[in-house]
Amino acid sequence: MLTIKLFATFQKGRFEAARRECPPGITLGKIVDELGIAREEIGVLLVSGRHAELEHVPAAGDTIAIFPLLGGG
Amino acid sequence: MSAEVLREFLACRAEGDLLPWSAQCEASERFGRSVAEIEAAALDWELLPGRYRRNRETVSVADQLRLFHSRVGVIGCGGLGGYLIEQLARLGVGTLVLVDPDVFEEHNLNRQLLSSPAHLGRAKVDVARERVAAINPAVTVAPHRTAFSRDNGRELLSGCSAVVDGLDDVLVRRELAAVCRDLGVPLVHGAIAGWYGQVAVQLPGGDLSRLLRPTSSSGKGVETKLGNPSFTPAVIASLQTAELAKILLGRGKLLADRALFVNLLDMDFDEIRHG
């Protein structure tokens, strides 16, 4: 079981936080794709509070947090 | 005329330990020195220019002298940059190095503090220099109408006590963070999109580049879909200025090894660890 937390615009049409049963070995990239989030829109990706790459395979019990990329000034 | 004569002149015109602006100007004229030089002399002698009176419970006279001797690089003079420049000048930071290649355009008018219809087509750094001269003539401005890059970064930031990010491109932000790491200069990062913003500090030895993922080849984020309203840059730039003041004065707890993610739509402030 994974907990997925979405921030800012990523919540729209999805959820703020959800617990999901995911197949073992699934990568963050695949999870993001299945959520319909464009990879280039991701700014910060955390697994249980630590930065992670899309290739990372989360462990059962992990919390994944996904923030959009903010580029304006 | 000797420093003693100037000191006597300022002491006579001080009200308690406050030096009125009129006396600062009179001294500048009488002694042929800039208002900045008079400000430095006054602060050295523990006289506080009257304009900083409401700073003083937060910023002591010694702190004010420290700010006066600080040099801050403001990279980008648009949405964040306009508020940063305004606040740093009013705070009394002695020297501002301003870097931006652009002129004001109509689509800046919804949020960029220094923009106005009269300034359309004018270089942002030139308007910023005039604004600082109008609100705090004791602040020295070094304007550079150029785009920041890894190539010119070291030269632009040389001698800076701290640097603040007002850029609008993630890839250039990565270059700014890299140059600051090379130089060992503290950097206060800020970025905005729509209702959202983020702030973080990179101290010498730290690295905030994990907040600046190069996932987008354009260097742009979700602001291309969300735009930037008037209030978001004001909020984020104010948080950045507070961090800068703390860095310059060696006070408080900084957003180092962590970032603040701000959601103004739901009024959520989330902390992201990035150490």
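Colleague: Before we look at strands, what makes two strands pair here?

Modeller: Two strands pair if DSSP finds at least two bridges between them. Strands are DSSP runs of E with at least two residues, and helices are runs of H or I with at least four, numbered from the N terminus. This is a predicted model, where local features need pLDDT of at least 70 and side-chain atom pairs count only at pLDDT 80 or more, while totals for chains, interfaces and linings use all residues. Residues are numbered from 1 along each chain as its sequence is written, chains are lettered from A and ligands numbered from 1 in the order in which they are written, and side-chain values use heavy atoms, leaving out hydrogens and water.

Colleague: Thanks! Which residue stands opposite V44(A)?

Modeller: That's F67(A), in β5(A). β3(A) and β5(A), residues 63-68, pair in the antiparallel sense over 5 bridges.

Colleague: And how many bridges join β3(A) to β4(A)?

Modeller: There are 2, and these strands also run antiparallel. L46(A) stands opposite H51(A) there. The two strands form a hairpin with 2 residues between them, and S48(A) in the turn has a positive phi of about 45 degrees.

Colleague: Is β3(A) buried or exposed?

Modeller: Buried: 6 of its 6 residues, 42-47, are buried, so β3(A) is largely enclosed by the rest of the structure. Buried means under 20% relative accessible area, with a 1.4 Å probe and protein chains only.

Colleague: Switching to chain B, how many helices and strands?

Modeller: Chain B has 10 helices and 10 strands. Of its 275 residues, 56% are buried. Its C-alpha trace spans about 60 × 40 × 40 Å along the principal axes.

Terms used: Buried < 20%, exposed > 50% of the residue type's maximum accessible area, 1.4 Å probe, protein only.
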